[in-house]
Amino acid sequence: MTDFDRDRLLIVEDDDGLCRQYRWAFPGRTVLTANSRSEALAVLERERPAVAVIDLGLPPDPDGVTEGFATLRDLLSICPDMKIIVATGNAAKRNAIHAIGHGAHDFYEKPVDIDVLRLIVDRAFRLFELEAENRTLGSITGSSPIKSIITAAEPMLKICRDIEKLAQTDVPVLLLGDSGTGKEVLARALHDLSPRASGPFIAINCGAIPENLLESELFGHEKGAFTGAVRQTLGRVELAQKGTLFLDEIGDLPQSLQVKLLRFLQEHVIERVGGRKSIPVDARIISATNQNLERLVETQQFRMDLFYRLNIVSVRIPPLRERPGDPVLLGRYFLTRFARQSGRRAIGLSERAAAALAAHSWPGNIRELENRIRRGAIMAEGRFVEPADLELAPADVTVPDLRAARQKAEREAIQLAVAHAQGSIASAAKLLGVSRPTLYALIESLGIAELIRNVYAPQQTETVTESEDL
């Protein structure tokens, strides 16, 4: 079941006096009551409360716990995420512990202390809301236009829109970004969204293969071309026929092979090692690097002509620290995936863990985030991952003050307009698209009238008033 009401509380109690007491004990919440298991199930189906308080001693077994445990079982079978608090007497704490072992969230002792019960109930509602938020965000498979990219940050959303446009062309694309920012994911998205999607996507890391083997890996070799070449072998470029060739870490490509790659880009033909036949290849080139290729060109470590061939269009991918909101969004996504893979019940990020993710600088980018979340999924002892599970320092939750942000933006815009208008409030008002009285009022409310006077008063004798310009 879904769409549970986060303000509705179900009380399962056969004592009408207690039910009346509960009704006024929880202001701000809708209190629903039931006197039996069947009534409780009917209320659950109809009203969908998020939290329930049940007495284990229900009819037809008011002196035992059989019916209470049956009610607990049935409620959880319908809604496993529901938070259920059980009532127990002072002499029956073992029943409460047994109930928690069967899925109850918490217990309280009779006679009822309303303040204690209210605290327990409020905590249960908060936990329900937090788990619901984690489930919702964890189920997100990408709010970007590209389904394989999970982001809510505007810089990455713009990149996704650019990738969609570039995918429809055949021009070489150079992906720039730190290690672990997702360059290969974007390269594959360029292929999957392109007319070449039915062809192969062939990737090679130019920095991971020894130089004496890289030429053969790229262009292939003929039988007998060198010791151990017992048969003809196609290279990665040729294997990418009618598809896409992704050259990762292109900045590590040796200069001897830069010439051959340049020839392929210019003429769309290759020669295998040990061969003399020119072989035409139709493959789109996507390259990526975390190095500064322009600097490598300046130091003559990378050919300028090859750089311009690869850099017809470049896409710079921001590091994770420059993608506000994405560390927590991605963290919840990875956490849900790892929990599912390990067969664990759903776990989430605590508020403290989410704050720690948001505050961390992420030098290892998404790869580091994924590894920390994997560790957290393993090490978490409760239903929530804590900062210590991620090996991150705790951090405070910081929420920006919208009023202060708005005032800052208005102050900067007004100062810029007045500067362009050389102190004329009337002209500045036209630039800002507001009336002159409105601009006067804003200047006074933002407390910058004296600042403006101090800047422009030496040049002009007027003052900032509603009847005069500067």
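L214 is buried in the predicted model, because its relative accessible area is 1% and the cut-off for burial is under 20%. The residue sits in helix 8, which spans residues 211–219. Leaving aside residues up to four places away in sequence, L214 makes contact with I204, C206, I209, L253, P254 and L257.

Across the protein, 44% of the 470 residues count as buried. The accessible surface amounts to about 24,100 Å², and carbon and sulfur atoms account for 51% of that area. The protein contains 20 helices and 14 strands. Of the contacts between residues at least 6 apart in sequence, 65% join residues at least 24 apart.

The largest pocket has a volume of about 530 Å³ and a lining of 24 residues. Nearest the centre of this pocket are G180, T181, G182, V185 and I366. At least two lining residues come from each of helix 7 (183–192), helix 13 (326–342) and helix 15 (365–379). In terms of domains, domain 2 (154–316) and domain 3 (321–390) each contribute at least three residues to the lining of the largest pocket. Sorted by class, this lining comprises 9 nonpolar, 9 charged and 6 polar residues.

Technical notes:
Residues numbered from 1 in each chain as written. Predicted model: local features only at pLDDT ≥ 70, side-chain atom pairs only at ≥ 80, totals over all residues. Heavy atoms only, no water. 1 Å grid on protein atoms, 1.4 Å probe; cavity = no way out; pocket = protein on both sides within 12 Å on 5 of 7 lines; lining within 4 Å. Points joined across faces, edges and corners; volume = space filled by probe spheres on them. Helix = DSSP H or I, 4+ residues; strand = E, 2+ residues; numbered from the N terminus. Nonpolar A, V, L, I, M, F, W, Y, C, P; charged D, E, K, R; others polar. Domains from an automatic or database assignment. Buried < 20%, exposed > 50% of the residue type's maximum accessible area, 1.4 Å probe, protein only. Contact = heavy atoms within 4.5 Å. Areas by Shrake-Rupley, 256 points an atom, 1.4 Å probe, with all protein chains shown as cover.
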